Every structure is written in C-alpha cells, then in structure tokens.
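User: I'd like to go through the interfaces in this structure with you. Could you help me see what lies behind the labels?

Analyst: Gladly, let's look at it together.

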Amino acid sequence: MNTQVSLDVQVMLETQGLCKYWGGLKALDDISLQFHDKQLHGIVGPNGAGKSTLLNLLCGHYKPTHGRILHKDEPIEAIKPWAFARRGIGRSFQKTNIYPDATCLENCCVAVQRRMGGSFNFLRSRYSQKVLDEIATDALEKVGLGGRRNEVAAHISYGEQRQLEIAMVLATAPEVLLLDEPMAGMGHEESQLIIELLKKLRREYCIVLVEHDMDAVFELSDQLTVMVDGQHLTTGTVDQVRDDPRVKEAYLGQGDEVF
Amino acid sequence: MFFNTRTERIFIWVFFPLALLLPLFLAENTFFVSKLTSVMIFALFVMSLDYLVGRCGLITLGHAMFYGLGGYLFWMIAPEYEAVNFWVYTFYICMIAAAVALVIGFLVLRTSGIYMIMITLAFAQMAFYFFSDSIDFGGTDGLFIYVKPETSIFGLSFFDLDNPTHFYYLCLLSLFNTLIFFRLLIRSRFGRVVDAIHENPGRTTALGYNIFLFRLMSYVIASALGAYAGYLFTLQYGFVNPSMLAWTTSGSALVMSILGGMGSIYGAILGTFVYEGLHFSLEHLTEHWMLFMGILIITMVMVFKNGIAGYLEKLLEKRA
Amino acid sequence: NTQAPIKVGIMLPFSGVYGALGDATRNGMKMALQEKASELHGRKIEYIEIDTEARPERAPEISSSLLNNSKADFIVGPVHSGVAMGMMKVLRGKDTVMIVPNAGAGPVTGPLCAPNVFRTSFSSWQPSYPMGKVALDKGYKKVVTMSWNYGMGKESLDAFEESFTAGGGEILKKILVPFPKTEFQAYLSEIASIEPDAVFVFFAGGGAVKFIKDYDALGLSGKIPLLGSGFLTEGTLEAQGKAAEGVMTTLHYADSLDNEINNRFRASYKEQFGKASDIYAVQGYDTGLMIASAINRLGGDIEDQQALIKALEETRVNSPRGEFTFSAAHNPVQNIYLRTVENGENKVIEVAAPALADPARGCKL
Amino acid sequence: MTKLLEVKGLHTFYGESHILHGVSFDLEPGQAVSLMGRNGMGKTTTLKSLLGLVPPRSGQVYFQGEEISDLPTWQRMRRDIAYVPEGRGMFHNLSVREHLEMAARPNRHGEQNWTCERVLDTFPRLQERLGNLGTQLSGGEQQMLAIGRALVTNPSLLILDEATEGLAPLIRKEIWDVIRTIKESGISTLIVDKNIQVLKELCDTHIVLVKGQVVFRANSSELMHNLEEVESYLGI
Amino acid sequence: MTTSLFLVQLINGLQYGLLLFLIASGLTLVFGVMGILNLAHGSMYMVGAYLVWYFFEHTGSFGLSALISAVIALLVGVFMERTLIRQLYRRNHLDQVLLTIGMIFVFNALQSILWGNDPLGVAVPPSLSGAIPMTDVLEYPIYRIFVALLCVLIAGVMYFMINKTRLGMLIRAGESNREMVECLGIDIRKLYTIVFAIGVMLAAVAGVAAAPMSSIVPGMGEHILITCFVVVVIGGMGSIKGAFVAALLVGLVDTFASVMVPQLSSMMIYILMAFILLIKPQGLFSS
Ligand SMILES: Nc1ncnc2c1ncn2[C@@H]1O[C@H](COP(=O)(O)OP(=O)(O)OP(=O)(O)O)[C@@H](O)[C@H]1O
Ligand SMILES: Nc1ncnc2c1ncn2[C@@H]1O[C@H](COP(=O)(O)OP(=O)(O)OP(=O)(O)O)[C@@H](O)[C@H]1O
Ligand SMILES: [Mg+2]
Ligand SMILES: [Mg+2]
C-alpha cells in the first residue's frame with residue numbers, strides 16, 4: 001500500500017556524518033541521512049538508540065559534536081536554536097512541553113504569532129486580530145482538540161496534552177515537521193486521528209517521525225530508518241526494512257511477538 | 001477587556017479617584033502629601049520590578065542599581081545652577097539608563113534563576129561600591145542637588161515642582177501612566193511572547209522566538225522606568241545617597257511586589273502602600289516595630305496565596 | 001501656646017549595627033531632661049521617636065514627618081553621617097532646631113552650617129587631630145593609619161595626618177577597609193610586615209570590638225602601639241575584654257574624668273539603665289542639658305525662633321566632659337583628652353588639646 | 001479471603017470540576033487488574049486518589065482489610081505498594097544507580113526478591129547508563145528505571161500508569177514478561193495501558209472507566225464475550 | 001610582597017575561606033540541596049552567637065554553652081519548618097523570600113528585646129587559647145586553627161552524607177520531586193524537617209564558633225548572608241564540593257584583593273562572582 005516514492009523530490013534536510021557524544025557515550029555516531037520534501041521519514045530503534053538526540057540536533061536544541069546539517073543545501077548546524085524554527089523546522093517533544101497555565105487556544109496562538117509577526121508591537125492588543133485565533137483553532141481542530149480550546153492546558157488529560165503538543169507545531173506552519181513519539185500516551189481513537197492527519201500532511205510537508213507504535217510507522221512511512229546504539233543500521237522502504245533480519249533481532253523481535 | 005480582572009477594575013476605580021482628591025483634604029498637612037508622593041514613587045519602582053519578576057520571570061536583586069542611577073545621573077548631567085527642563089531630563093535619564101541596562105542585560109541574561117539573581121546583585125553591588133567609595137560622588141554621605149527643573153512644554157508650564165501638591169500630581173500621573181503602559185504591554189503581542197517565555201522558555205525557543213531579545217527588551221524597559229522612579233525620588237528631596245542602590249532597596253521592592261501579588265502589576269501599588277503604611281504606623285507606635293512588622297509579614301504570606309491582589313481576587317471574582 | 005508640651009523628635013537608629021549608639025544617646029537625653037524637669041517652667045516634654053535604621057535614603061522623609069506632621073520643636077539626630085546629610089537637606093533653615101548628638105560629618109558645621117543646626121558631639125576632625133601631636137611626643141615617626149572607607153573614617157584619618165605630618169611624622173600607609181567589612185586579618189598581617197612605630201585607627205561599635213580582638217589575637221598588641229580616635233574603646237570595652245588594655249585614644253570625654261557632674265552622671269546612668277555609660281550617652285545627656293537650659297532661659301516660651309537660637313548659642317553646657325561652649329558654626333568648643341584603657345576603663349592621662357574648636361572650613365556663619 | 005485492595009465510592013474533584021463519580025473496584029491477592037479507558041476518563045486520577053496524592057472528597061480505600069483512606073501517602077506506600085507514575089517522575093539530580101539505591105528496601109515481611117542487581121540484569125540498558133542523571137536518559141530508559149525503582153521496594157501491589165509508553169517493541173515484551181513473572185511470584189498488579197491485546201491475556205480482571213465511572217468490570221473470558229462493547233468504550 | 005608575607009596572607013585567605021564555608025554550610029544544605037530559600041539563615045548565625053554569649057555568661061563554660069546553643073537552634077529549626085516553611089513547599093519560591101524576610105524582622109526584634117544592642121564579646125575558651133608564632137611580629141591563635149579544622153571536618157561529613165549515603169540521596173530527590181519521594185514510602189515531611197533543622201543548627205554553630213573571635217552585634221547576620229549566597233552560587237547549587245571550593249576562592253580573593261588592589265577590594269568578590277557566572281552560568285560544580 002505504500003506508494004512507491006520517486007527520489008527526485010527535493011532534499012529538505014540532510015545530515016552528514018553527524019555525531020553527538022555525551023562524555024564517553026556516543027549517543028549518535030556518524031549519521032548521514034536525507035529527508036525529502038513531501039515525504040514521511042520514519043525513524044525507529046530500541047530505547048536509547050539516539051532518535052530523540054537526532055531530532056534534537058535537527059531542530060537546533062543540541063549542537064552536534066561533529067558533522068553537518070544542511071537545510072536546502074545550506075549548512076545550519078551553527079545557527080541559533082530559535083533560527084531553526086524560523087527556517088521552518090518545527091518539532092514536537094517526547095516529553096510534553098506546553099504552556100500549562102494558558103488555554104489550549106493561547107498555546108497555539110503563541111505558535112501562530114511567531115509566523116504572523118508583530119511580536120515587537122508593544123501597544124496593539126494580542127486579542128484584536130481574529131485571523132490568529134482562526135489559524136490556531138484550525139490547528140486544534142486538526143488534532144481533535146477543537147472542543148477543548150478554552151480549557152487550561154494543565155487541566156486536560158495527558159493524552160490530550162500530547163494532542164496539543166502536535167497542534168502547536170502545526171500552528172507554526174513549518175516545512176519540516178520533526179515529531180518525537182507523537183502518539184505515545186494517546187488513546188486509540190486519538191492515535192487514529194493523528195495517523196489520519198499525518199497521512200494528509202505527509203504529502204505537504206517533510207515529516208520526520210520517531211515512533212514506537214509499529215502499526216503507525218509501517219502505515220505511514222515512505223522511508224524508514226532503523227538506528228541502534230547511535231549507529232545507523234539501515235534505511236529503506238517499509239517492506240525492505242521489515243524483512244531485514246538485523247532489524248528483527250535488534251528491534252522488532254520475531255514476527256509474532258510484535259504487540 | 002483592558003484590565004484583566006474585576007478586582008483590578010475596582011481597585012483602579014477606587015484608588016485613582018481617591019488619590020486624585022486626597023490633597024484637597026490634606027491641604028494643610030504637607031507631610032502626608034509628600035509621604036504619599038514618596039510612596040507612589042516607590043510604587044512605580046516596585047511596579048517596574050513586578051513586571052520583570054512577575055511577568056518575565058527575571059528575578060533580580062539588582063534593580064535598585066537603576067533607582068540609584070536615576071538619581072546620580074541627574075546630578076551628573078544636569079548643570080549645577082542652571083534651570084533645566086524636566087521632560088528633557090526625563091528623556092535623557094531614561095535613555096542613558098536604558099543604554100546601561102542594555103549592556104548589563106546583555107551580560108546578566110545569559111544566566112537564569114538563582115544565578116541571575118546573584119549576578120544582578122553582583123552588578124548592583126559594584127555600582128553601590130563605586131558610588132559609596134568615590135569622593136567625587138559624595139561617598140557614603142551622598143550628594144545634594146540644588147536644581148529643580150522647570151516643566152514647560154513648548155513654553156507652557158503646568159507644574160511647579162517646588163509645590164508639593166503639584167509634584168504629588170506629577171507622581172500620581174506617572175504611576176497611572178506606568179500602570180496603563182504595562183497593561184498595554186502585557187495585552188500586546190509582545191506581552192504574549194513574554195508570558196510564553198515566562199511559562200516555558202524552552203518551548204518558546206523551539207517555536208522560533210529569540211527569547212534573549214524579548215528578555216533584554218523587557219529588562220531595558222523596566223530598568224528605564226526604575227531609573228525614572230529614582231529620578232523622581234531625587235527631585236523630591238534633592239538628595240542622593242548610595243543607599244538608594246543598596247541591595248536592601250532591591251530587597252524591599254521585591255518584598256513589596258511579592259506582597260502585592262507577583263505579576264499583577266497593580267499589586268505593586270497595593271504591596272507598596274500596605275507595606276509602607278504598616279511600616280509608618282508601626283514605627284510611630286513602638287520602637288520594636290520590627291517584631292510586629294515581621295509577624296504581620298509572616299501572617300500575610302500564610303494567608304495570601306498570591307499576595308494581596310490574589311487574595312482580593314479570590315474574594316471579588318465571580319465564580320466562573 | 002505655652003501650655004502644650006514641647007515636642008522633641010528623635011531620629012536615631014534603634015536597630016541594627018548602630019542600635020546601641022541610638023539607645024545610649026536617647027537614654028542620656030531623656031535622663032537630662034528628666035533631671036531638669038523642674039527648670040522647664042512647667043512645660044512637659046513629648047518625645048516622638050523614629051528608628052532611622054541608619055538608612056540615609058529615608059532621612060529626608062522622616063525629617064519631614066517630624067517637621068511637618070509632628071511639628072516638633074526640636075529634632076535630635078542622627079548617629080550616621082549619611083543620615084545627617086539627608087536631614088540637613090530638609091531641615092536647614094526651617095523653623096525648628098536640629099541638634100546632632102553624634103554624627104561627625106564635617107559639612108554639618110562646615111559648608112552646610114545653618115543657624116538652626118547645632119551639634120553637641122564633635123566634628124570628625126576634632127577627636128583625631130590632637131592625636132598627631134601626641135604620637136610625635138611619644139616618639140613615633142612612622143605610622144600606618146587605617147579605618148573604614150567612609151566619610152567619618154576618612155575625615156578622621158585626614159585630621160590625624162594633618163597634625164602628624166605637620167610635626168614631621170610620616171604616614172607609611174593609609175588603609176581603607178570597605179564598610180562594613182570586619183575581616184581585618186589580611187590588613188593586620190600587612191601592617192606587621194611594615195613594622196611601623198605605631199598604628200592609628202578609626203573604628204567604632206562592633207567593628208572596633210572585632211578590630212581590637214584581631215589586633216590582640218595576631219600578637220600585634222604588645223609589639224606595635226595602637227592609637228585611635230576614642231570611639232575605638234567607647235561602649236565596647238566589655239566586649240573587647242583584656243584585648244583592649246593599653247590602647248591609647250583621644251576623645252572629648254573619658255569615663256574617669258574626675259568632676260562632680262561626671263561622677264553623678266555615671267552613677268545615675270548606671271542606676272537607671274543597668275549598664276555603664278559611654279560617650280554616646282554623654283552626648284545625648286548634653287543635648288538634653290542644652291535643650292533644658294534654653295527653655296529655662298526663655299522662661300518656657302520657645303515660640304520665637306530667633307530668641308531660641310540665640311539662647312542655644314549662648315549656652316554653656318555643664319557636661320560630664322567638662323564645660324563647653326559653641327563655636328560660631330554651632331559646634332562644641334571642647335577639651336580633647338588623651339586616654340588609655342586600664343582595667344576595662346578609659347583612664348585620662350592628660351588634656352591633649354584644651355578648648356579645641358573645629359576650623360569649620362567653609363562655614364559662613 | 002480478604003481482598004488485597006478495595007476501593008469504595010471515590011469522588012474526586014480538581015477544584016470545582018468533578019472528575020471521579022464514585023469509582024469502586026477491588027483486587028484479590030495475586031491478581032493482575034487492568035484499568036482501561038480513553039484519554040481523560042480518570043484513570044490516572046483514580047490511581048492518585050487511592051494513593052492519596054489527590055485527596056478524594058469522599059470514598060474509602062482498604063488495603064489488606066485495613067482502611068488506609070486517612071493515611072498519608074508514604075504510609076500507604078509502606079504497606080508495600082509501589083507506583084510508576086505517568087511521566088515517570090525522574091529525579092534530575094540523582095544518577096541511575098542512586099535512583100535504585102535510594103528506593104531499595106525489603107518489604108514488610110523482610111523479603112527482598114528484587115535487588116538493584118536484579119533490576120539491572122533485567123534491563124541491561126540501565127546497566128550501561130548507571131552514572132547518568134535520571135533526566136538525561138532517553139524516554140524508554142526512563143520508563144525502565146521508573147519500573148525498576150518501583151520493583152526494588154519489593155511491593156505486594158504494583159501500580160503502573162501507562163506501563164509501556166515509549167518503549168520499543170522488544171523492551172515492551174520484556175516488561176510484559178517481567179509483569180508476568182511478578183504475577184507468578186504472587187505480586188498483584190494494577191495496570192493502566194493502551195494495549196488491550198496484551199492486557200486481556202495478562203490480566204485476570206478488567207475495569208473500564210468512562211467519564212469517571214466504572215462502566216465495565218469483568219474477568220478475561222467475559223471480556224472476550226463483550227469485546228465489542230469494551231472496544232466501543234475505548235474508542236477502538 | 002615578600003614570600004613570608006605571601007604565605008601569611010595565604011593562610012589568612014584559607015582560614016577566612018574555611019570560616020565562610022562553615023557559615024555557608026547550613027545554607028548549602030537548606031538552599032543548595034533542599035532548594036529552600038532561607039534568608040533568615042544569617043539571623044540564625046546571629047542567634048547562635050548571642051546564645052553562646054548568654055549561656056557563657058551564666059555557665060562560664062564555653063563547651064557547655066556551645067552545646068546548649070546548638071540544641072536550641074535545632075529546636076528552633078524544627079519549629080520554623082513545622083509551623084511555617086512546610087506550608088510553602090507547594091507555592092512559589094518567592095513566597096519563601098517573603099516569609100523568611102518576615103522572620104529576619106522577628107529575629108532582629110527579639111535580639112534587640114532580649115539582649116539589647118550593645119556589642120558583646122566572648123572570651124576564647126582557655127583550653128584553646130594561646131598562639132603559635134609565625135613571624136617576629138605575627139602569631140597565629142590556636143582557636144582559629146581549631147575552627148579551621150572544624151570547618152574541614154564539617155565539610156567532609158557533609159560531603160559524605162549528601163553524596164554517598166541513602167539519606168543524602170533522599171534529600172536530593174526531595175528537592176527534585178517531593179511527591180515521587182513520598183510515593184516511595186518515605187516520610188518526606190519528617191525528613192525535610194530534620195534536615196532543615198540541621199541546616200539551621202549549622203548556621204548557629206557557625207555563630208557559636210565565630211563568637212570568640214569576632215564581635216557579637218545586631219545585624220551581624222545580614223552582612224554575612226550575601227557572602228554566603230555568593231559562596232553557594234559560585235560553587236553551583238547543591239554541590240558541597242562546589243561550596244567548599246568557592247568558599248576558599250572567595251576567602252583567598254578577598255584577602256589578596258584587600259592588600260593588592262585596595263581600591264577594588266570592596267567589589268572584588270562581586271567581580272569574581274560575575275566573572276565566574278558569565279563563564280559558567282551554573283556555577284563551578286553544577287551538575
Ligand atoms: N543530556 C544527556 N546527557 C547524557 N546522556 C544523554 C543525554 N541525553 C541523552 N543521553 C543518552 O543518549 C542516548 C540516546 O538517547 P535518546 O534520547 O536519543 O534515545 P531515543 O532513541 O530517543 O530513545 P527512546 O526511544 O527511549 O526515547 C541514551 O542512552 C541517553 O541516555
Ligand atoms: N491537575 C488537574 N486540574 C484540573 N483538571 C485535571 C487535572 N488533571 C486532570 N484533570 C482532568 O481530569 C480528567 C481525568 O484526567 P486523568 O489524567 O485522570 O485521565 P486519564 O484517564 O489518566 O487520561 P490519559 O489516558 O490521557 O492519561 C481530565 O478530563 C482532565 O482534564
Ligand atoms: Mg526518545
Ligand atoms: Mg493518565
């Protein structure tokens with residue numbers, strides 16, 4: 001069911017020999033990958049393989065020990081963390097990272113406003129422009145939180161906070177979406193919703209998805225990379241990867257044991 | 001809604017009209033007018049701190065540096081015996097203080113939390129010792145300032161700073177304007193980002209904001225206003241002393257702002273008036289005023305969860 | 001209105017580092033006015049006491065409170081020179097009388113002097129100036145001086161230097177310690193390595209206690225004579241204990257001055273307040289005497305400020321420190337005594353400078 | 001035989017909002033019980049209420065026949081309850097080893113089946129990261145540590161909230177194996193998880209919460225019969 | 001500067017640094033490790049000094065007075081935590097600022113009411129009096145050496161307790177996540193009461209130890225408070241080792257600055273702190 005991908009689409013993000021060491025630990029060792037526009041690139045691997053670390057490097061949260069990151073062929077590894085987002089690289093976090101005291105809508109408005117500008121306008125009311133609210137509401141509705149827009153974020157359940165997390169990234173309207181386990185902690189229905197959403201989005205954005213929910217990853221990925229212990233194990237289409245014995249051993253386990 | 005809460009609206013409708021009328025009743029008691037003036041000046045200072053600490057989450061123990069700077073700057077840049085214009089010097093002082101804040105902010109805002117508290121303290125202490133060790137600036141004895149600026153704009157003069165009542169109204173107006181200014185600021189899109197940074201700086205960076213810039217901006221604004229308060233203080237009595245810059249001044253301001261209700265802005269006025277009011281009445285009552293002051297402060301922390309403003313809000317807000 | 005009580009505003013520190021000084025001053029003053037109650041022509045005294053916390057930035061406001069709100073007839077204060085300056089700003093030339101019972105800041109009776117401002121204590125120049133000559137007489141040629149880096153301290157060292165170098169002495173080093181630091185060990189080690197003939201210091205209160213203790217503990221006390229402005233051993237002897245023995249100071253007072261007034265004063269102070277009196281108590285006492293005498297002279301009617309000031313100017317205070325008068329600048333003209341600590345008391349050795357008046361530089365009165 | 005855990009009529013509020021509407025259930029010794037429900041239905045709140053972390057407004061909790069509703073949380077835990085919270089509750093200033101060492105203790109009967117070493121053997125990944133601070137671990141490593149930290153208290157009741165969230169398939173299997181072992185050694189478990197496939201096989205009793213109320217409570221075979229109903233509650 | 005003077009100053013600096021550590025040790029525990037912002041720390045230093053003076057006047061034995069003072073401080077600590085501090089754990093850190101400033105007022109007032117404002121002094125206990133000659137003029141009092149050793153001892157014990165024992169782990173964990181510690185079956189409230197009280201006691205012990213070599217005056221605690229915070233923060237929050245190194249550093253810098261750059265000596269420790277924090281924004285030894 002995976003549409004065969006033509007590799008002539010634009011490379012949005014590229015890593016060349018990317019390394020991240022924590023003291024002696026090589027959390028990420030010599031990773032060279034390409035992420036294409038309008039594709040969803042899944043990344044899987046056992047716990048501690050360095051997936052989150054990779055995303056953290058791609059979004060500028062960490063600085064690499066060695067190696068380069070190219071965004072549309074420009075090196076960006078040295079720019080400031082906030083500049084990554086300005087270039088259209090948005091991310092969601094594995095550990096919920098929202099504004100707990102603000103309403104869901106306000107959470108998204110902060111995100112939308114970065115794109116819409118006017119952040120150094122000291123006098124004009126933040127409430128005066130309805131466009132902003134609309135875009136934010138739209139993002140909330142996409143992830144299924146439309147009905148909770150005026151709830152304070154701290155008061156919605158964990159799973160809902162995960163949904164909000166994604167809505168916030170969407171609200172920045174990025175070109176590249178880095179999603180770190182977006183479905184973790186979500187219920188079935190919500191997961192399904194996100195999967196549907198990603199299905200739509202993957203033809204519009206360059207998406208990098210880290211996820212342990214195999215059903216979702218297999219269903220969504222155009223490309224799939226497997227990492228183990230900071231090393232790149234293999235990259236390929238879902239079918240290629242699924243049948244790779246090394247992947248089974250390191251990650252999936254033998255067929256029937258996949259839960 | 002311009003003012004966030006009903007409580008705030010009530011407060012503003014009670015406080016400012018009252019303050020406006022008060023001098024009429026106190027006409028013969030010049031002391032109370034001048035006492036209220038100095039409390040309002042300090043409230044303005046506390047308000048600028050409250051914005052920094054409560055809204056931006058930038059806790060500083062060095063804010064008094066700008067308060068003192070406002071005073072010393074005036075002494076430095078004003079000619080000794082010539083008449084100067086109040087508005088022009090307000091502008092100069094705020095600008096110079098802003099420039100200083102830009103440099104210091106650039107350094108101190110690299111740290112955060114307790115480390116920032118301490119590094120702001122460090123800079124303030126350096127400034128404190130600079131003024132108190134230097135003979136040119138009068139050392140620990142401080143300096144007298146003999147000029148009183150005139151206040152004309154385009155040749156029209158409304159105020160006479162020598163007249164305590166006029167000065168009172170000037171300070172009241174300044175306080176009111178500052179409150180409105182901060183309200184506007186908080187309600188603005190800039191304010192939205194400031195709130196976001198306060199709640200979750202990491203997330204805000206990830207969304208693409210250069211949080212350093214916003215913090216620096218806030219720091220500069222608050223510092224300039226802090227200096228303006230110090231300038232007003234200096235004008236009131238024509239006296240500057242390094243103790244204006246001491247960390248204890250920052251500390252008292254912090255106490256008043258917490259007492260008033262952090263981040264509520266109008267709470268700064270509440271906090272300052274309550275604190276100063278208690279201080280004034282207790283010290284006239286007993287030599288051991290500290291004991292009662294201490295007990296009252298402790299009681300208030302225990303009872304008020306979010307300062308006086310928070311308490312009032314609990315009483316006055318309609319349940320949603 | 002000659003029936004209403006006379007209001008005396010008191011601006012002194014009752015807490016913190018200077019608390020003890022404030023207490024003693026107030027005690028002394030009240031004692032004097034109590035003793036002279038019968039000479040006040042029936043007028044009662046009402047006190048309004050405010051703790052200045054030794055915070056100069058509060059001084060203008062408190063002064064204005066006493067002046068405009070309490071309508072005090074006399075305002076007595078402060079201890080701290082910075083506070084004195086703040087008070088001066090508000091009270092100079094106003095129609096109340098300000099009496100400084102301690103702060104030595106030069107300008108108060110120098111460039112800023114004013115008809116309504118009096119001082120019953122000293123100018124910082126006064127107690128230290130005579131010590132220069134004393135040191136030379138003892139044969140000390142090379143001296144290190146040391147004090148806190150603030151107005152009073154620096155003025156004291158300058159006064160000493162003035163007379164000392166005029167007589168041919170040499171200041172090897174002038175050490176200014178940041179106020180209110182009390183870690184003296186590094187400085188004392190340095191002094192020990194310089195090995196001067198003597199050391200002259202200005203310290204007071206808690207700092208003086210710590211200084212004397214350190215000086216003794218590091219073994220300097222037997223080897224390098226310690227000279228000081230008298231505050232070094234005032235109100236602190238009990239805390240300093242043995243370490244203070246032999247320290248030589250100059251001041252306008254000494255516990256052991258053998259005159260009738262001093263003996264009576266000391267006994268009665270001890271009886272009333274349960275502790276030994278000190279210079280601060282004396283200064284407060286004299287302030288009280290001065291106020292009482294002016295009221296007495298004017299027959300209880302102090303409404304006319306001109307007359308009041310005149311009466312005050314002409315007062316000859318019969319103080320425990322010996323009789324003194326006021327200079328044109330309203331600063332005491334008084335004896336300065338050379339004292340040494342013996343058995344926990346400041347013993348007079350001699351009069352180092354009789355009837356010494358402050359040069360009052362810059363005063364136009 | 002006395003029940004191990006009995007929860008009766010819990011009503012819990014957050015401020016003014018009524019979250020739990022009389023939740024009751026019980027748990028036999030040695031049983032594994034699953035607690036299921038969609039997001040926001042009150043699973044976590046139920047666990048927190050019975051542990052006293054969020055005091056319920058009314059309702060009782062009995063453990064081994066004794067009422068523990070009025071005890072502070074730590075005393076409840078001392079009766080050999082262990083809790084793995086959602087979000088994992090790592091300490092940012094303790095190393096992995098310290099996480100385990102600080103928690104390790106024998107249970108009330110003096111047994112110490114789970115030691116730090118055994119946990120590290122079970123999760124070799126942790127062995128490699130012993131010196132790391134808790135919050136420096138990857139998400140999955142944190143989950144392992146949180147479970148390990150609960151096990152070294154040698155509980156007779158283990159409460160897991162979002163037991164396998166963020167774990168890779170192989171590790172997830174590992175965790176289920178561990179829980180199975182635990183169950184065999186007579187320890188009861190109360191599990192909140194999304195994975196109904198595993199839960200229906202692993203657990204003896206199943207509870208489904210909807211809007212703070214127990215709408216379904218049955219053993220595994222009954223669950224099989226009513227699978228559709230349950231799945232509709234769970235939004236599957 | 002001659003070599004011998006240099007050495008003497010080195011010793012002075014180290015000794016001052018050690019004393020600073022002693023005074024800051026309680027703060028390291030309460031503020032650095034437990035995360036409670038206790039501004040009344042300095043007041044307890046003052047209370048310690050006054051207590052030992054008071055009991056020394058009545059018993060004549062320094063050792064006994066020291067013991068009684070420490071016990072009283074411990075009880076005061078328990079009382080403070082039980083009745084006040086405890087209520088604020090769930091609230092904003094700044095409320096602790098307000099609360100403890102209120103306490104400073106109360107302590108200052110009580111000091112003034114109970115013991116008056118006169119400067120007081122305690123004699124060095126006879127068993128520790130005497131001095132060791134250093135240069136032909138200078139000698140070094142034994143009592144100060146004793147205090148220095150006491151500081152080293154306390155530093156060692158604290159380091160071991162916080163970093164190596166289970167108790168230490170629990171305390172640190174409590175700072176990070178109180179609720180979770182409670183979920184592990186630990187009575188975190190009691191634990192925190194005890195540790196807070198120990199921190200208070202350490203402050204008082206520092207006051208006791210300092211009493212014979214300094215003056216006991218009102219406000220003595222507030223002056224030292226800032227320096228203590230400087231020490232804890234330069235060292236890095238929560239690090240005993242850091243606080244120890246920072247205390248020595250501050251002691252040395254202050255000592256040498258006093259004699260070498262007297263114009264700047266008042267600012268020197270602040271310059272040092274600003275410098276360190278600009279280079280290492282989390283202090284020297286933060287994790
Ligand atoms: N700040 C840090 N300091 C030290 N080590 C770290 C740090 N952050 C991550 N690590 C280590 O780097 C390794 C990779 O972590 P990472 O979070 O990238 O894993 P992951 O692939 O996302 O795993 P998971 O699926 O469990 O989330 C882990 O072993 C982790 O312990
Ligand atoms: N601290 C809080 N304050 C107010 N409301 C809360 C709070 N925590 C949770 N709630 C509300 O209580 C309800 C139940 O939350 P709970 O966390 O128990 O759900 P859950 O079943 O555990 O969901 P999830 O599967 O998403 O973890 C939710 O609707 C949530 O909005
Ligand atoms: Mg991860
Ligand atoms: Mg939950």
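User: How much area do chain B and chain E bury between them, and how much of it is on carbon and sulfur atoms?

Analyst: In this predicted model, chain B and chain E bury about 3400 Å² between them, with 83% of it on carbon and sulfur atoms. The contact involves 36 residues of chain B and 41 residues of chain E.

User: Now chain A and chain B. Why is the pair Arg126(A) and Asp195(B) called a salt bridge?

Analyst: The closest N and O atoms of Arg126(A) and Asp195(B) are 2.8 Å apart. The cut-off is 4 Å between a side-chain nitrogen of Lys or Arg and a carboxyl oxygen of Asp or Glu, so the pair qualifies. Across the interface of chain A and chain B, the rule finds three salt bridges.

User: Which residues of chain A lose the most area to chain B?

Analyst: The area buried between chain A and chain B is about 2900 Å², and carbon and sulfur atoms give 56% of it. Tyr99(A), Phe122(A) and Arg126(A) lose the most in chain A, together 26% of what that side buries.

Terms used
Residues are numbered from 1 along each chain as its sequence is written. Chains are lettered from A and ligands numbered from 1 in the order in which they are written. This is a predicted model: local features need pLDDT of at least 70, side-chain atom pairs count only at pLDDT 80 or more; totals for chains, interfaces and linings use all residues. Side-chain values use heavy atoms; hydrogens and water are left out. Buried area is the accessible area (1.4 Å probe) that two parts lose on being put together, summed over both. Contact means heavy atoms within 4.5 Å.
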